[in-house]
Every structure is written in C-alpha cells, then in structure tokens.
Amino acid sequence: MDAPAPLLVSAAGLTRIFRRGHRVVEALREVDLEVERGEFVVVMGPSGGGKSTLLNLIGGLDRPDSGTLEVAGVDVGRASQRELDDYRRRHVGFVFQFFNLISTVNAGDNVALALLARRTPWREARRLAGGLLAEFGLGDRVDHLPAELSGGEQQRVAIARAVAGEPDLVLADEPTGDVDAATTVTVMALLSRLNRERGMTVIAVTHDPALLPYASRVLILRDGSFL
Amino acid sequence: MTLLRIGWRDLVADRIRSVLHIAAVAPIVAAYLILIAISSGLREHTPPLETQSIVLVSPNALDPGSGRLDPAVLELAAEVGGTDVASVTPMIFRPIRMDDRIVQLRASPIETWQTVHGLTLLDGAWPVLRDDIAITEGIAIAAGWEVGTRAEIFGTTFTVSALVRAPGTKFASVWMPFTRAEELFEGQSGFQLVTVVPAVGTDVRSIRDRLSAASRGEFSVYFESDLAAEQTARKGAADSLAAVSTVIGIAALAFGGFNLAALTLVERRRDLGIARSLGFPRQAVAGVALVRAALLAAAGFAVGAGVAMVVLQTAAASTVRGFVFEPSLPAASWALGVGIVASTACGGTLLALRAPSAVSVHLLLDER
C-alpha cells in the first residue's frame, strides 16, 4: 500500500474578491500555497490581510473566484456542495477565535456532534467525546454548558471537537485571540501535541507572535498576498 | 432517530426559548380553536326557518305577547278558511320569568305540537302529568336545564319531561299544554296567536287575503315566514360572524405558526453555520430544524388546545345576536388546526433555511 502523498494542500492563483455595494475588496490575490502533511504552518499578518479568507477557502467554507485549490486529493475549488460537506466531514477540523460552540448543548454534545456528522452512533459518539475531553483535561466538564466554562476551557472543547473525527487538517483561525497569555500556552501546546503525536497537519492564522515558536513554517500574508 | 434526539436535546437545553416559543404558539392555537368552536356552534345551532303557515295576532302589536285576541277569531278563521284550511290553533304566548330568566312560554293543544308547530322530541317524553312541561334546545343550552329539572312558573313548580327541537322563532321557548296554561293564568291571559295551517295544495295567498278582508281591524294577518324575516336577517348576521371568526382563526394560526417557526430559526443561524462547518449536509440540518419545529408546534398545539378546552368548558353556552348556541369543535376543525400548525411550522422552517443554504458557511459563522 502506497504512503499518502506528502502534499496535503496545493493552491495556485487563488483569488477571492468581495463586493460590498460599489466597493470591491480583493481579499486574496493569486495566492500560491503548498503544505505538506504533518506541517504546522502559522500564517501571520495584519487584520484584513486575507488570513481568514484563506482559511475559509481551504476549509471549504467559501469558494474562490479563481485559481485552483486541492486538499487531500479533493478539488475544493470546484467541488459540489455535497462534496464540500463530505470534505469538511472527513478531512477538516476547525478551531475558531470565538470558539463557535453551540451554546445550548453541553461540552460533551458539542464534541459528539462532530462524530455524529460522521455517522458515528450516538452512544459511541458520546463515549469518544467524553474520552477526548478527559484527555484534554476536561473530564469533569463534559456536562457543562459553554457558558459555564472559561475561555481556555471552551477553546479546548473546540479543539476536541475539531480533532474528534481524526481529520487530516486542523484549521485554526486566531485560536488564541480571545484567551489570556497563560491559556495561549495551553491551547498552543495542545495543538502542537496533536501535530506531533497524531501527525495532524495544522494551519493557524494569527497576528499573535506568541504562536511563532510552535510553527514548523511561518508565512506572512499582507493585502491578500504572501510576502 | 439521531435527528430526533439532537432536536429534542436542543429544545431541552434551550428550554427558555422553547417555553417562550410554546407560549407564543399556544394562545394562537387557543384563539383558533375558540373561534372555530364559536363558529361551528353558531352554524350547528342556528335553527331552521319556519314553515309557510298563517298567523293572526292583535293589530299593531309590537310584541305578540302583549296582545289578546277575541275567542271569536277562532271561529271566524275556520269559517273564512273553510275546506282550504287544515287547522286553526290558538296559542298562549307570554314572556315569563323562570329562575331569574325571561323566557317565552308557548301553550297550545298538545296534539298540535308536532303537526302544527313542528316540535320534535329529542329526550324524555311528551308531557303527561299535570305539571309536566317541555323545553327546547335553546333553553337547555342557555339555562343548563334537562329532562327532570324542576322550575317554578307563576308560583307553581313544573317538571321538564321533554327536551324538544323547535324551528325558527320557537327555538328558545318553554311549552305547556293549552288547558294547563289557561288554568295557570286563571283565564286572564286569553290567547295571543292563532296559527292557521292551509290544507295541502291550496292557495295560501288567497287564504291570507280572505282572512285580512274579514278581520275588520280586529287582528292582523301575517305569513309565519314574515315573522321569520327578522330571524332570517339575524341568521345571516350570525353566519357572517361565524365566517369571519373562522377566517380570523385560520389566518392567525397560519401567520403566527409560520412566523414563529421562521423567527426561531433565524435566531439560530450561527448554530446552523457551526453544524455545516462540521460537515452536516443541508438535508441533515433541515431535518433537525424540522424535528425541532414539529416538536415545538406539537407542544404549542397541546397547550393551546388545553387552554381552549378550559375556556370552552367554562363558557359552555353563549348568546350571540339573540342566538343561543353551544360551542363545538368537530373533528375536521381539529384536523385542520393540526394541519395548519404542522404545515406552517415546517413551511416557516424551510423558508428560514433557504437563506442560510444559499450563502457560504463562513457568513453564518460570522453571525452573532
């Protein structure tokens, strides 16, 4: 059996334009990017530089206006809606700045949802979610609602949800943007461990230099282009 | 099953919003059911119109009960009508007070109750004993009386032996044999109406004209249907009221259910985005949303129906524009209500899902 191709992300000429009224904003301008499996890539740059747009495109949450984008063998740029759903389900885990946990369900169910999306039976999903949260030091928080957790705990739940389905790629959008310095260390150490021990590829976008020591490669994105 | 479980857990977890949603649906459902019950009650209990008989009353009497006819009118009517007339029947017609209620007392020979006045026995037995009376549906509904009820008339206690159905203006009245009424009023009352029933196949208009010519101002001659004209107008008004009630009820239920379902989902657009980012396909998200909507609609309908039943029980009989009626909820109205609630909840949900489905998932995640 062949080993998986080392190249996980391959983007060429990636462009995304937003139109707001008469104003046209070129968020990404013909960006080229290649990421190998197992890399921990940190994309830095000022706000509005196109970092989140790039992550949204790689994650299949948005579509490019032009260019090609292939991730884990999936032509994300041209995939149908159904194929994108399947792509997100099987290959990608998201970590957002504001956690994006569903506020009405507890931590265990938030993590279990990612497994339910992969058609894991309910009991099994709950069991796996509980185990993962315990591994992340949240064993006693499984039944807590997001509002009952600290920012750092919420972000760890979000990371647990992102990696629950064993994705090839973890996309983190300002993962430490809404937590204090001590929690930043905890969150980044966790992502780094997942990258190291489970071989998960991580692409994190941030304007926080505190993330740089964890990166295997750093890219600077400004005004929609890599420097 | 997973969709049902997720939908249920979401509702339980978000219980305040769920309760508020149910609290918003329930009054709409209750209003619909109450309006429909009133509407159905009005339709079901609106009495049929009078038959084509001729009535003789005191001349220029605004209220037939205030007049008094000369006994000779009976003989005159029979003589003028001749073989064209099947029967000539006197009736004592008096408004009386019974248990603090003003009701119509009608007294005529008991053998004419069915043949001349069109009464139909619904329950009990025709009066046999000296102090037996019959009551019509309208009285039963308004006063809550039934067969066996005892009521006082002019200082004498009477027993309801029969519940009857009576057409037209007789819909809400108490019936007593003629001789017993004469005895009760000690001959002071005389009689207020004479009903002339034309023989089959005769020219009714000719009989009326002959009676008018012979009256010499001692009595007025009407078709019974003329007396029913006002009743017809009232029936029309009641029908209009019923129709308006039905339309308002259905419209409130439809718009209310639709908007609530849509609004609830619009407020959860970010959660929809989260679900989509996890890889849940649109169909699965729609499935959960529909399950939620269905559960909320069912709960709202159940609570609303409970409220409506309590209201309808406490106001079992009502009077609208002179018609006494009992609210009723036919099975079709229940089915229609359930159908409207279910379809509008699902319709509102699907409409609310259309916009999120059309935009990129990241835009949903940006919503706060």
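Reader: Hi! At what angle do helix α5 and helix α6 of chain A pack?

Author: In this predicted model, which uses local features at pLDDT of at least 70, side-chain atom pairs at pLDDT 80 or more and all residues for totals of chains, interfaces and linings, α5 (residues 151-163) and α6 (residues 181-197) of chain A pack at about 15 degrees, with axes 9 Å apart. Axes are lines fitted to C-alpha atoms over the stretch in contact, and angles run from 0 to 180 degrees between N-to-C directions. Helices are DSSP runs of H or I, at least four residues, numbered from the N terminus. Residues are numbered from 1 along each chain as its sequence is written, and chains are lettered from A in the order in which they are written.

Reader: Nice. Which residues meet there?

Author: Among them, A:Ile159 and A:Val163 in α5(A) meet residues of α6(A) including A:Leu190 and A:Leu194. Contact requires C-beta atoms, placed from the backbone, within 7 Å.

Reader: Switching topic: which residues have the most contacts inside the largest nonpolar core?

Author: A:Val111, A:Leu133, A:Val170 and B:Val29 do, in a core of 113 residues. Such a core is a set of buried Ala, Val, Leu, Ile, Met, Phe, Trp, Tyr and Cys residues joined through C-beta atoms within 7 Å; buried means 20 or more other C-beta atoms within 10 Å of the residue's own, placed from the backbone.

Reader: And which helix gives the most to this core?

Author: Helix α2 (residues 15-45) of chain B, with 14 residues.

Reader: How much of chain A is buried?

Author: Buried residues make up 48% of its 227 residues.

Note on methods. Buried ≥ 20, exposed ≤ 12 C-beta atoms within 10 Å, placed from the backbone. Helix = DSSP H or I, 4+ residues; strand = E, 2+ residues; numbered from the N terminus. Contact = placed C-beta atoms within 7 Å.
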